Amino acid sequence: MQRHKLAFSLLIFSLLPLSLLARPYVLVLSQEDLKEIPSSPATTDLDPNESPPEWDEFGDSDSKPEHELDPGSWRPIFEPDAATNSASNLDPEMEQYYSAVEKMFSAVTNGEVRVVEEAVAEIEELATVKGNSHARSVLGFLYGLGQIKERDKAKAFLYHHFAADGGNLQSKSALAYTYYRQQMYEKAIILYAELAEVAVNNFLISKDSPVIEPVRIHNGAEENKDVLRKSRGEDDDVFQILEYQAQKGNAGAMFKIGYFYYFGLRGLRRDHAKALAWFSKAAEKGEPRSMELLGEIFARGAGVERNYTKALEWLSLAAKLQLYSAYNGMGYLYVKGYGVQKKNYSKAKEYFERAADNEDAGGHYNLGVMHLKGIGVKRDVRLACQYFIVAANSGQPKAFYQLAKMFHMGVGLRKNLAVATALYKLVAEQGPWNSLSRWALESYLKGDVGKAFLLYSRMAELGYEIAQSNAAWILDKYAERSMCMGESGFCTDSERHQRAHSLWWQASEQGNEHAALLIGDAYYYGRGTERDYERAAEAYMHAKSQSNAQAMFNLGYMHEHGQGLPVDLHLAKRYYDQALEIDAAAKLPVTLALSSLWIRKNYADSFMGEKGFFLFEEQNKSLACCPKKKCIMENKETESIPAKLFLPVSFLLSTPQEEVVHVIDSLPEVYPKIEGWVENVILEDGNAMILALFVCLLTGEAKFHIAAMLYRGLDLYQNSCLVSGTLYDTEMEEAEIRHDYLAPYLMSQIC
């Protein structure tokens, strides 16, 4: 039988706008992945009590408090108001546990090493003497991090193992990630499947919650100020304007505020009471999205007594106003028989199809479940798979989960543990332990960098790429202010570099191109590890594969100089050119590098070959040469060869040729330092404007030197010679450097 290639491209982006990984996850399904399964008769409305053949995907999605979903969660410490009822029922052992953890975080905030040591000793006593599983989890974290305890991966694994056996889900996540990194998928998949199920069971029934993804607090090497500004909750100016509009009767603003409170978005804590109040006001004004979420609230009993009849009423009103996603909630109620006389699969299928026909991801997902299990339709696994793929492309988390189970169990898809584990991991990371990211962000925004670092480090251990890069960035950015603590006292520079190196490495493994770039830098410069040009090149290649311009430039430089890569000037030029194509901001370093490369290619034996720069002084007069045109020394001309790069004449005259070569070679290394100095000093607090005004007042030789230093091989001066305070051009007559001639060029470079 001839096989026709059937490929489905599944782009699994994150469950929010920013990807959980640094790059989209791509899954390609071929004909070989789709197993031949005979069709089954449909499950009709005449046998509503018959159990579905695979999984009860339309099971109850009861809203449970997070302390039940995530035992040992630090919520009573970071959200005491939300956890008041549960905290009041704690046994003495758990009270001691929370007291010790809170003491540790408070001491980290204040930089009190001795108090941190006391808190860790209390946690260790709970773990070793009383066998508290949650204390064991924290102790495993501290051993893995190397804080107050000697860094010991074996002990960390052991404590997490016992904590997981005791029911601590965060330790299960840490173990799963450990197995995942080592490609031990048989063990990782068992843990990730359990964690994913916990996450999915708390998703919504009518439409899927926008999953709260960790915020990346940095953009490359700089703070991500725009994103952080939008995460300040009620202190955000935009939120305050929105609240003002809502108070003035704007239905759309009412919905948005309710939406933020219901899902805990934009730095707000989840508050079902406030969400219900705002949704109710908006619904009175005919806002359909608020009606749909009111139906969801009553169906789940989120902050109110569960009432399926009211839920159906609100969902029906929203559907009549052509909000097609509301049909999913209605279809769910008919599948379960809630709020209606009896189960009606035909009616449910009709509603799901209406939602799907209007490009609603939930509709595609629910139709996939019906076809997978043969509920009201002929069982068709291939068709179900296609529905799941469409839903997953739209970011529907349950579709990821369903595909993961199909790959895991070999139902409809050929068994593939590696793919199944990756999909389970995507879903599992949306579990209630994701609250760690909100607490870390809140701490960072309050200026409590030490607490933020510790929380991000905990998430990093659980396998969150964004947390890994955030924690590493804090170490690099804040140094001593990160409150990084080692085995005894604060971290040394070496310990911080090693810890940051480990975190960046983990992030790079999960597709973070900036992390891969920094790993390359660490190996290239020997920061936190031994210098290794070959491993640096490998890391740069990884970042280059994700179109990183800096990595391309670095690879070009290494090919040019034979550092970790074979000397290949043609390939070096190709990398330099690619860097400029990817990022226009690379023009300056690329121009410098290409100038150096041109010199190496055309004058390999010396700085400028046998007839290179003839630098001398005659009667105290300076000289610079221009190739095959004329060599100008005030009133003297001499034949020479063309030059592509000019440095200040005073520098050339006073510097041995081998040192000039060294300067050119070191330009790519020096440039980032100059760039940082310019950004932090020159551009700080209006200094750029002051400098620009100062430059405009410069005259004579001082102005010439600034022009020469700013010159980087641009077309304006490529055929020019700069001598003392005069500009000479090979195609022009001598021209004095005047204020009106040079100032626009200087201003363009500064601005």
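Which residue does a disulfide join to Cys484? The partner is Cys491, at an S to S distance of 2.1 Å; a disulfide is here a pair of cysteine sulfur atoms within 2.5 Å. The structure is a predicted model, in which local features need pLDDT of at least 70 and side-chain atom pairs count only at pLDDT 80 or more, while totals for chains, interfaces and linings use all residues. Residues are numbered from 1 along each chain as its sequence is written, and side-chain values use heavy atoms, with hydrogens and water left out.

The count of disulfides comes to 1. The link of Cys484 and Cys491 is left-handed, with -65 degrees about the S-S bond. Both cysteines, Cys484 and Cys491, are buried, where buried means under 20% relative accessible area, exposed over 50%, and partly exposed in between (1.4 Å probe, protein chains only). Cys385 is buried as well, with a relative accessible area of 1%.

The protein chain contains 35 helices and 9 strands; these are DSSP runs numbered from the N terminus, helices being H or I of at least four residues and strands E of at least two. Helix α9, residues 185-201, includes Ala199. Ala199 counts as buried because its relative accessibility is 2%. Leaving aside residues up to four places away in sequence, Ala199 touches Val427, Ala428, Gln430 and Gly431, contact meaning heavy atoms within 4.5 Å. The C-alpha atoms of Ala199 and Pro432 are separated by 6.9 Å, although the two residues lie 233 residues apart along the chain.

For the chain overall, 52% of the 751 residues count as buried. Among contacts between residues at least 6 apart in sequence, 61% join residues at least 24 apart.
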